[in-house]
Amino acid sequence: MKDALRDIQKHLRLYVMLFRMNVMSQMEYRANFITGIMMELGYMVTKVLYIVVAFRAGRDIGGFGPDEMLVFVGTFIAVTGFYAGVFMISFFQLSGLVKDGSFDTIMTKPVSALFLASFRRSDIGILATDFLGGAVAVAIGLSRLGGVDFWTVLGYAFYMACGCAVAYSIFLIPLTLVFRIVNAQAIAGVVDSFWDFNNVPMVVYGKTIRALGTYAIPMFLISSFPALFVLGRMTAAQMIWGALAPIVFIALARTAWNRGIKNYSSATG
Amino acid sequence: MAKADRRRPAGKYLRSLSLGLRGALEYRANFFFSLLGAVSPVIIQTALWTCLYAPDPGAAASGSAAGAGAQPELFGFTYVQMLAYVVIANIVGRLVRTGFEYELNNDIRLGGLDRFLVKPIGYFGFRIAQFLGAKSAEAVFMCAVLGAGLLVLSLTVGLGLSATAVLGFFLALLIALVLNFLIFWCVGLLGFWLTEIGFFFEAVRIVIITASGGIFPLSVFGTTGEAILRALPFRFTIQFPTEVLCGRVAGLGLIQGLCMGLFWILPLGLLAGLLWSSGIRRFVAVGS
């Protein structure tokens with residue numbers, strides 16, 4: 001137990017150092033920083049388009065009005081900040097590292113290879129842009145709906161954290177195929193396209209997709225569950241599954257990684 | 001073989017085309033996964049539009065005409081047209097999508113372009129041949145997917161297709177490929193002036209896809225927004241071919257659209273030439 005805690009501390013310290021290094025590097029190459037923000041603003045516009053369509057069509061979407069849609073899309077934008085700013089860049093680079101054998105250097109470091117492969121690169125510009133944009137949208141939506149109390153905000157934050165953990169796991173599992181097929185750039189692309197399922201509330205989809213997106217590939221836990229909680233529309237079963245799913249899927253992702261890494265054969269070796 | 005290439009100048013471009021084709025098929029699993037990526041936007045948008053076109057339960061219960069009629073049109077599209085638009089626009093968006101701008105930028109930034117300047121092959125011709133080669137592999141599969149999608153739409157929601165629409169679509173698609181190549185060629189050439197590109201190409205790509213009608217039809221932007229976007233060349237890369245196949249543009253509108261699309265090739269080609277000639281004067285092959 002003591003060793004585990006020390007290990008967690010070591011990785012946390014390392015993460016702070018990696019994060020600081022990434023911020024310094026972004027400040028050195030400012031074009032990356034600025035164009036990263038431009039890119040996220042572009043993506044944000046495409047997400048907001050879904051609200052615009054709902055507003056202009058003058059219809060509720062699956063029983064949710066425009067203000068509730070704002071909470072859904074705002075939550076989705078904020079969680080996207082975590083996905084794109086914290087681990088997406090590292091995941092997208094994984095295929096290249098395996099292809100040219102640079103993954104060797106990660107394997108030989110005295111820290112977890114999974115940790116380095118996941119959190120080596122981060123982008124503060126993307127993280128801040130999405131998080132702020134999403135938070136503003138959620139705040140506007142909630143204030144127009146009459147506001148919420150402290151405990152609801154706390155519960156919302158809890159399900160957001162659970163959503164982030166689930167997002168990390170379900171994006172990692174298919175990427176472990178990279179050790180078998182080497183060029184997994186498109187897998188990252190497919191997984192990335194699944195991310196957009198949260199552009200609209202889960203109630204929009206049919207029963208089969210809803211069940212698949214809740215239990216098999218729990219996409220809807222990422223941003224629909226926190227939004228449902230803060231809007232007071234979450235069922236008891238969803239509350240329990242929303243809290244349990246991160247444990248189940250992190251364990252699955254870890255197993256998939258450990259199995260996948262056994263297939264790694266260095267391109268240089 | 002090299003002798004044959006010297007005798008037939010087109011031979012070297014055919015070889016570049018074949019290189020592009022082989023490059024696309026080198027990692028086949030990757031290629032098929034990239035096709036799979038086109039499915040999720042279709043599912044998401046179909047679900048959204050099905051929800052928006054569904055009869056309003058409140059109005060239906062009160063027995064009003066609006067409830068019974070269930071909004072036959074939204075943004076100028078019937079439900080069937082909108083579903084067809086979603087499927088076709090996503091496939092067309094994938095077909096015309098480029099990616100060479102990153103390689104072009106690398107060639108400029110790292111100095112790899114100097115190799116092409118001394119070779120007996122035009123860099124523009126080499127890139128367009130490679131682009132078309134890579135696209136030809138994708139086009140075969142995407143056309144099969146499109147055919148299957150259209151068959152499903154005609155069987156489930158009664159979408160009709162005419163031979164003129166199919167022919168017009170392929171002509172519009174060819175123009176779209178050339179236009180999109182030229183647009184991103186111009187964007188890529190900005191590498192002569194920008195030393196760091198970062199996510200710039202991705203940011204531009206999102207804006208262009210949105211302005212092309214690749215996410216939603218341009219009519220969702222309102223009258224003014226749509227009028228502005230219709231005056232730009234981008235709609236000819238996705239929205240126009242899509243509307244032709246949906247049967248929303250036919251007859252004189254189709255001929256006018258094809259002529260307008262062809263017309264846009266001229267200013268974009270001139271812009272590309274201008275950017276290349278002024279950019280190449282700045283090129284110093286730093287990395288080579």
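Predicted model: local features only at pLDDT ≥ 70, side-chain atom pairs only at ≥ 80, totals over all residues.
1. Let's start with the contact between the chains. Chain B brings 29 residues to this contact, and chain A brings 35 residues. On the side of chain B that touches chain A, helix H3 (28-36), helix H4 (39-53) and helix H12 (200-211) of chain B each supply at least two residues. H4(B) gives the most to that side, with seven residues. Sorted by class, the side of chain B that touches chain A holds 20 nonpolar, six polar and three charged residues.

2. Do have a look at B:Phe75. This residue sits in the loop between strand S1 (73-74) and strand S2 (77-78) of chain B. The phi of B:Phe75 is near 55°, which is a positive value in a residue other than glycine. B:Phe75 counts as buried because 20 other C-beta atoms lie within 10 Å, and the cut-off for buried is 20 or more.

3. Next comes a helix pair in chain B. Helix H7 (residues 79-96) and helix H10 (residues 123-156) of chain B pack with their axes 10 Å apart, at an angle of about 175°. Angles over 145 degrees count as roughly antiparallel, so H7(B) and H10(B) are roughly antiparallel to each other.

4. For anyone inspecting that packing by eye, the residues of H7(B) in the contact include B:Leu83, B:Val87, B:Ile91 and B:Arg94. Among those they meet from H10(B) are B:Lys135, B:Glu138, B:Met142 and B:Leu146. By class, the contact of H7(B) with H10(B) has eleven nonpolar, one polar and three charged residues.

Key: Residues numbered from 1 in each chain as written. Chains lettered and ligands numbered in written order. Contact = placed C-beta atoms within 7 Å. Helix = DSSP H or I, 4+ residues; strand = E, 2+ residues; numbered from the N terminus. Nonpolar A, V, L, I, M, F, W, Y, C, P; charged D, E, K, R; others polar. Buried ≥ 20, exposed ≤ 12 C-beta atoms within 10 Å, placed from the backbone. Axes fitted to C-alpha atoms, helices over the stretch in contact; angles between N-to-C directions. Parallel < 35°, antiparallel > 145°, perpendicular 65-115°, else oblique.
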